[in-house]
Amino acid sequence: MAKLSTVELLDAFKEMTLIELSEFVKQFEETFEVTAAAPVAVAAAGGGAGGAAAPAEEEKDEFDVILEADGGKKIQVIKVVRELTGLGLKEAKDAVESAPKAILEKVNKETADKAKAKLEGEGAKVTLK
């Protein structure tokens, strides 16, 4: 069998469905007695250590937008929450009234910053985690 280049392998993977790719990974793990998930678990466990906390935060790519308080402008904040989340009026009102509450979860940095800016523009107190 001819040796495939990295580009050729990637092209072959692009042709596969997710199920086929998942089956391939399982077969690969069994054949070579490795686990594809191990490095991720080690990295996640290492992030909890005190000295490794700063680098872990730099690499963070998912953020939660937490509404801490409505800042006295509940109606305006409810409108922004509805706009950001697509919630109905009652659900958005309940979310604002139950602050601190996660408004958006696992969003990218850009989306989180935009949401924070909109909410703070209406007087709300917001944190990103």
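Predicted model: local features only at pLDDT ≥ 70, side-chain atom pairs only at ≥ 80, totals over all residues.

Author: Of its 129 residues, 15% count as buried.

Reader: What makes valine 34 partly exposed?

Author: Its relative accessible area is 39%. Buried means under 20% and exposed means over 50%. The value of 39% lies in between, so valine 34 is called partly exposed.

Reader: Where does valine 34 lie?

Author: Valine 34 sits in the loop between helix H2 (18-32) and helix H3 (38-47). It also belongs to a nonpolar surface patch with Phe24, Val25, Phe28 and Phe32. Together these five residues have about 430 Å² of accessible area.

Reader: Why can valine 34 be in a patch?

Author: Patch members need over 30% relative accessible area. Valine 34 has 39%, so it passes that cut-off.

Reader: Which residues touch the most other members of the largest nonpolar core?

Author: Val65, Leu67, Val77, Val81 and Leu119 do, in a core of 18 residues. Strand E1 (63-69), helix H5 (74-85), helix H6 (89-97), strand E2 (101-107) and helix H7 (109-121) each give two or more residues to this core. H5 gives the largest share, four residues.

Reader: What is leucine 119 in contact with, beyond four places in sequence?

Author: Its partners there are Val65, Val77, Val80, Val81, Leu84, Ala124 and Val126.

Reader: How many helices and strands does the chain have?

Author: Seven helices and three strands. From the N terminus they run α-α-α-α-β-α-α-β-α-β.

Definitions and conventions: Residues numbered from 1 in each chain as written. Heavy atoms only, no water. Patch = residues over 30% accessible without salt bridge, like charges linked within 9 Å, V, L, I, M, F, W, Y side chains within 5 Å. Areas by Shrake-Rupley, 256 points an atom, 1.4 Å probe, with all protein chains shown as cover. Salt bridge = Lys/Arg side-chain N within 4 Å of Asp/Glu carboxyl O. Buried < 20%, exposed > 50% of the residue type's maximum accessible area, 1.4 Å probe, protein only. Core = buried A, V, L, I, M, F, W, Y, C linked by side-chain atoms within 4.5 Å. Contact = heavy atoms within 4.5 Å.
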